[in-house]
Amino acid sequence: MTPNDTPPDMLDACSHPLMRSLQRRQPLLWINPAWAPAAEMLPRLPVAAAHIADVRTLLTRWAPALAVLFPELAASDGRIESPLLRLDDPAAVLGATPAGAAWLKCDHALPVAGSVKARGGIAEVLMHAEDVARAHGVLAPDDPLWPLRDEARALFARHTIAVGSTGNLGLGIGTIAAALGFRAVVHMSAEAKAWKKARLRERGAAVIEHAGDYATAVAAGRAAAHADPATYFVDDEDSLRLFLGYAAAAQPLARQLAEAGITVDAAHPLFVYLPCGVGSAPGGVGFGLKHVFGDHVHLFFAQPCATPSMLLRLAFPDRPRSVYEFGLDNRTQADGLAVPRASERVFGLMQHLVSGVFTVEDAALFYHLRRLDAATGLRIEPSAAAGFPGPRWLLESPAGREYLARHALTGRLAQATHLLWTTGGLLVPDDEFDGWLGRAG
Ligand SMILES: *Cc1c(COP(=O)(O)O)cnc(C)c1O
């Protein structure tokens, strides 16, 4: 479907055919008519490859301290990384065998935070910790363990890090902030699962529960932080630091792909399927991948039918829109994706780099989650399964086939790699997961 035949200012979004399908919660693949070549778009953006490299250096700098703070990082020398795994029997998981190979980027197994948020959230907290330490003369570049010294911890204890979240970002930020000795305050929206709040409180973070949605929780956190100069607010709707933290995933992935003998070039396309909420994680990861692979990587975002916030933003680019405007209710079991309004910053950065967005019913999340568990024993949360219908949308739908034809990919599919980004699940309690298995259709 290409909704862009009409100039945006003349668009009556509510009566648009795409809009009607979205309102009926019909799962669909939307192809982005504003897509443009990476070589043309990347140089126009305010962030560049050097910014991503800075984050990699930051993470290297912190690895010794993180290895001490988190015993689970001892084996990786303080690096927070996740495996790349081949799906040996894609049909068992996806419901059909796609042309090409299917792989999982297992961010559901990221240590410390248990989700993709470990990338962005932790990077932003570390950057802030360095800022605070530098301002107070505590940063000791020659001592990799400076953050663990009494002076640094006493300083951090006088500062607060706050965040608004549907659960996982709070879990990531709260965990790392509390471990460094900061006061951590997490504003949770109604979707946030009880076990995530309990786990955070165990780690020493303050959890403030809001009856409203994600945007409400973020707004409350932002307001509270602005009232207090010693509070730093991680703004998921507008943070370049988070975005760049996610982007740092690209280099290690490129290395893993090379080690696995996977070529990515014009004859070997890479299709990446990323669950999308506010857009930071898939946007940042996608941005990093575009820097490494250019137009050989094709980015597809996945969103629940109840909350296609980034799809709306991209498809009707004249102004920001919330899913409520169109009668959608933002209610989904994919709690990590329950975001009514996309990040304006990420929209601005990724508008021309995203190939398409597809929507997913909750039933499909449970279907894929159960099949993945049965076929591989891997346990992911519902949000993390959102990308799984992606290969079939691309290969089997008219919109997908048209995309492939337009990019001259139809004859190259046998050498293609489909990469499903599993974004969360490591810390999910067994009884919670068993409940999801029971729901699966
Ligand atoms: C947060 C989250 C996402 C999406 O990230 P956004 O930055 O909100 O787009 C996807 N999957 C899981 C499990 C998440 O927690």
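# A tour of the cavities and the ligand

Begin by selecting helix H12, which gives the lining of the largest cavity its largest share, 3 residues. Helices (H or I, at least four residues) and strands (E, at least two) are DSSP runs, numbered from the N terminus. This is a predicted model, in which local features need pLDDT of at least 70 and side-chain atom pairs count only at pLDDT 80 or more, while totals for chains, interfaces and linings use all residues. Residues are numbered from 1 along each chain as its sequence is written, and side-chain values use heavy atoms, with hydrogens and water left out.

**Stop 1: the largest cavity**

Next, select Lys 117, Gly 277, Ala 281, Gly 336 and Leu 337, which are the closest to the centre of the largest cavity among the 27 residues that line it. On a 1 Å grid over the protein atoms alone, a cavity is a set of points where a 1.4 Å probe fits but cannot get out, whereas a pocket is an open set with protein on both sides within 12 Å along at least five of seven lines, and lining residues have an atom within 4 Å of a point. The largest cavity holds about 240 Å³ of space, a volume being the space filled by probe spheres set on the points, with grid points joined across faces, edges and corners.

**Stop 2: the ligand**

Now display the polar contacts, which are pairs of N or O atoms within 3.5 Å. A backbone N or O atom of Gly 277 lies 2.7 Å from an oxygen atom of the ligand, and for Ser 280 the corresponding distance is 3.2 Å. At Ala 281, a polar backbone atom is 2.8 Å from an oxygen atom of the ligand. Of the 380 Å² of accessible area that the ligand has on its own, the protein covers 99%, by the Shrake-Rupley method with a 1.4 Å probe.

**Stop 3: the second largest cavity**

Move on to the second largest cavity, with about 140 Å³ of space, and select its lining, which includes Arg 56, Leu 59, Glu 81, Arg 119 and Ala 248. Helix H3 (49–69) and helix H5 (117–135) each supply at least two of the lining residues, and H3 contributes the largest share, 3 residues.

**Stop 4: the largest pocket**

Finish at the largest pocket, which holds about 170 Å³ of space, by selecting its lining, including Glu 191, Asp 213, Tyr 324, Asp 329 and Arg 331.

How values were computed. Polar contact = N/O pair within 3.5 Å; in protein donor to acceptor, adjacent residues only side chain to side chain.
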